[in-house]
Amino acid sequence: MTSLAAKPSISLSRIAIYAVLIGAVLIYLVPLVVMLLTSFKSPEDIGTGNLLSWPTEITAIGWVKAWATVKGYFLNSILITVPAVLISTAIGALNGYVLSMWRFRGSQMFFGLLLFGCFLPFQTVLLPASFTLGKMGLASTTTGLVFVHVVYGLAFTTLFFRNYYVSIPDALVKAARLDGAGFFTIFRRIILPMSTPIIMVCLIWQFTQIWNDFLFGVVFSSGDSQPITVALNNLVNTSTGVKEYNVDMAAAMIAGLPTLLVYVVAGKYFVRGLTAGAVKG
Amino acid sequence: MSSVAVFSKASPFDALQRWLPKLVLAPSMFIVLVGFYGYILWTFVLSFTNSTFLPSYKFVGLAQYARLFDNDRWWVASKNLAVFGGMFIGISLVVGVLLAVFLDQRIRREGFIRTIYLYPMALSMIVTGTAWKWLLNPGMGLDKLLRDWGWEGFRLDWLIDPDRVVYCLVIAAVWQASGFIMAMFLAGLRGVDQSIIRAAQIDGASMPKIYWKVVLPSLRPVFFSSVMILAHIAIKSFDLVAAMTAGGPGYSSDLPAMFMYSFTFSRGQMGMGSASAILMLGAILAILVPYLYSELRTKRND
């Protein structure tokens, strides 16, 4: 009976809650909708309509032009991201394995030193890193960018695996060691098969970070070796010629699609990476 | 018997096993020592030299820092960081917490709604900046949209207004990061002991009051982590400025990260650029050290 009396006020507050939540959904979606609508409009259409007006005629000319401009850079981003993600994840897994199950004097201190890398403002290493890449003959190459991303991705990848592995019971590894299994055998036979979730988290985190990187891209590459983010920024912020907003928006969509796709397909791992990346030591 | 056999055979094997973990970690140790701490030291050294387009090792003491503090643009960038950082952190927290609390009320389609709130976090700041630059375009963006929709007197030209352009950065950054704060708090809320809430309900407390007085205070660690992460994003913000305003109009929307980039790499002021990078590091440490200190202390108290 009390619940019956309380019902109207509860449902009223529930309506308010839903209104706020749905309103927020619309606000979060607006930029994406605007990008899509604009990318399929003709330049005249953009001039006469507004952000949310439906295209009078849907045209893919913006996408065609954008793709022609950025496709080389899109490829660069793939050439940079794929090896950098795989290498940094592999090293992170091995590091995490050592730091959790094969500790030695000083390994904890090393972990502490490494953790700081999660907070390192890269501005403090840009110049020395660019001198080093120059010395190695890797300046302005995608290989150089792979190298930089592996180095400065290590802090996070190691953190992910280390924190995942410390929760695995010691007894498991100890038993295997008594049976005479070695360092790599235990890793391959016991640890790796139970690492799938954290591997996913790490791959997705690294993919998003490296694909979306702009700072390293703009500092360590030039011309033909630039990643997509740098190319997009150049396209959008050139002051020469007539602004073609449909091309800009299509290019932005192209730059954003790979990470969006990963997010939609594997959102669970993405969120886990974000919250794990929120550093719990 | 077999144990003897194993022992004699295992000896070199054991030695290798003892060294393997160290060998595996060695490259990373080298990278961290050189690539992290060595490079920071190197930049620190450069900040005391008169380096311009090329590094030089003629030491000029604190002259670069003095020049930096005399530089109006540095002060604009620092002030912008305070305004941008403060608003970005504050608004993201309010929006994030609010959405998390609302989403925690057994909402239908919660998973879908969460996905929408969080997708901007998957995008590059360059994409975000590009999108919002278009949305905030004076004359063609939201400015025009709301007038078309009947709000005759509506004007939105912050992007070209030196006094308000920083707010444009805030809007875009909040759009990108607030969903992440929502996710962090929602995860925290899911860990809150439901019996506490029920006990408070029995005492006759209203739901808003329970959240404000009981639930949210128990999420202090989440709050501190969120502030930490948001402050870190704010200090490092470079791509968003590059995409949206390039620091303009003039240098009215400059942030320290942008300042560092343009003085170091475009204007050939390596010494002063390094000095600004060191100050950015100082800012990060100023928030990181107390944070880690309190984290460690609470852990010890557990």
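The contact between the two chains is my starting point: in this predicted model, 64 residues of chain A are in contact with 75 residues of chain B.

I turn next to the nonpolar core. The largest nonpolar core comprises 176 residues. Which of these residues touch the most other members? They are Val70(A), Leu232(A), Ala251(A) and Leu169(B). Helix 7 of chain B gives the most to this core, namely 17 residues.

Setting aside neighbours within four places in sequence, Leu232(A) is in contact with Val70(A), Ala251(A), Ala252(A) and Ala255(A), and, from chain B, with Ile126(B) and Thr130(B).

Finally, I come to the packing of helix 7 within chain B. Helix 7, residues 165-190, has helix 3, residues 72-103, as a partner: the two axes come within 6 Å and cross at roughly 40°. Because of that angle, helix 3 of chain B counts as oblique to helix 7 of chain B. The crossing of these two helices of chain B is right-handed. What classes of residue make up the contact of helix 3 of chain B with helix 7 of chain B? The contact divides into 22 nonpolar residues and four polar residues, with no charged residues.

Conventions. Residues are numbered from 1 along each chain as its sequence is written. Chains are lettered from A and ligands numbered from 1 in the order in which they are written. This is a predicted model: local features need pLDDT of at least 70, side-chain atom pairs count only at pLDDT 80 or more; totals for chains, interfaces and linings use all residues. Axes are lines fitted to C-alpha atoms, for helices over the stretch in contact, and angles run from 0 to 180 degrees between N-to-C directions. Helices (H or I, at least four residues) and strands (E, at least two) are DSSP runs, numbered from the N terminus. Angles under 35 degrees count as roughly parallel, over 145 as roughly antiparallel, 65 to 115 as roughly perpendicular and the rest as oblique. A crossing is left-handed if the near helix is turned anticlockwise from the far one by less than a right angle, and right-handed if clockwise. Ala, Val, Leu, Ile, Met, Phe, Trp, Tyr, Cys and Pro count as nonpolar, Asp, Glu, Lys and Arg as charged, and the others, Gly among them, as polar. Two residues are in contact if their C-beta atoms, placed from the backbone, lie within 7 Å. A nonpolar core is a set of buried Ala, Val, Leu, Ile, Met, Phe, Trp, Tyr and Cys residues joined through C-beta atoms within 7 Å. A residue is buried if 20 or more other C-beta atoms lie within 10 Å of its own, exposed if 12 or fewer, and partly exposed in between; C-beta atoms are placed from the backbone.
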